[in-house]
Amino acid sequence: MKWVIDVEIMIIRQRRKTISARVIDESTIEIRVPWSVSDQMIEKFIESKKDRLQKAILKYQIKEAKKQDPRYYYLGKVYTKIYLASNRDHVSIEGDSIVIEYHSKDAETVLDSFTRNESRRLLEQCLSECMAIFPRLSKPALQIRKMRTRWGSCAYRKGKITLNTKLVH
């Protein structure tokens with residue numbers, strides 16, 4: 001089977017017991033091997049894992065393409081991202097665009113910070129409104145964080161609610 005795309009394979013010999021492979025970027029695969037492993041064995045390993053490595057490269061490319069997506073969702077509306085190098089880190093919504101000004105950090109870090117702050121502000125407000133409905137209950141601590149697979153969780157014994165920053169989208 002031929003490779004779908006041209007890739008560079010970096011072989012790193014080190015003190016270890018197993019062979020491992022990982023995708024560094026869309027054109028580079030890193031293979032880590034024990035000192036005693038022969039080149040033939042490495043080739044055999046690469047050949048046996050070729051399908052899995054190609055899938056991993058495609059997955060990496062999809063992930064990178066999502067980072068380049070010009071859309072940003074905020075409170076159910078779609079905005080177009082506009083990046084501006086500036087002398088400050090600031091995010092503002094102007095019409096159907098979200099303007100990300102960045103200086104000391106990269107633009108995605110500034111946007112993540114904005115998302116986290118807006119999530120905290122909006123979800124804290126929602127929690128206060130819910131607590132007004134149930135005055136006998138004590139208000140739980142609210143934690144906001146990025147979560148890959150959940151919208152939130154509740155640790156009722158600890159009195160803590162954790163919610164996903166993506167809820168603001």
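Reply: Ala, Val, Leu, Ile, Met, Phe, Trp, Tyr, Cys and Pro count as nonpolar, Asp, Glu, Lys and Arg as charged, and the others, Gly among them, as polar. The model is predicted, so local features need pLDDT of at least 70 and side-chain atom pairs pLDDT 80 or more, while totals for chains, interfaces and linings use all residues. Residues are numbered from 1 along each chain as its sequence is written, and side-chain values use heavy atoms, without hydrogens and water.

Me: How do the residues lining the largest pocket divide among these classes?

Reply: A pocket is an open set of points on a 1 Å grid over the protein atoms alone, where a 1.4 Å probe fits, with protein on both sides within 12 Å along at least five of seven lines; lining residues have an atom within 4 Å of a point. Among the 20 lining residues, those closest to the centre are E108, D112, K146, K166 and H169. The lining comprises five nonpolar, three polar and twelve charged residues.

Me: Which element gives the most to this lining?

Reply: Helices (H or I, at least four residues) and strands (E, at least two) are DSSP runs, numbered from the N terminus. Two or more lining residues come from each of α2 (50-67), β4 and α3. With five residues, the largest contributor is α3.

Me: Which strands stand at the edges of the four-stranded sheet?

Reply: Strands pair if DSSP finds at least two bridges between them. The open, mixed sheet has the order β4-β5-β7-β6. Each edge strand has a single partner, so one side of it lacks a neighbour in the sheet; these strands are β4 (71-74) and β6 (90-94).

Me: Which residue stands opposite I93?

Reply: Strands β6 and β7 (residues 97-102) run antiparallel, joined by five bridges. The β7 residue opposite I93 is I98.
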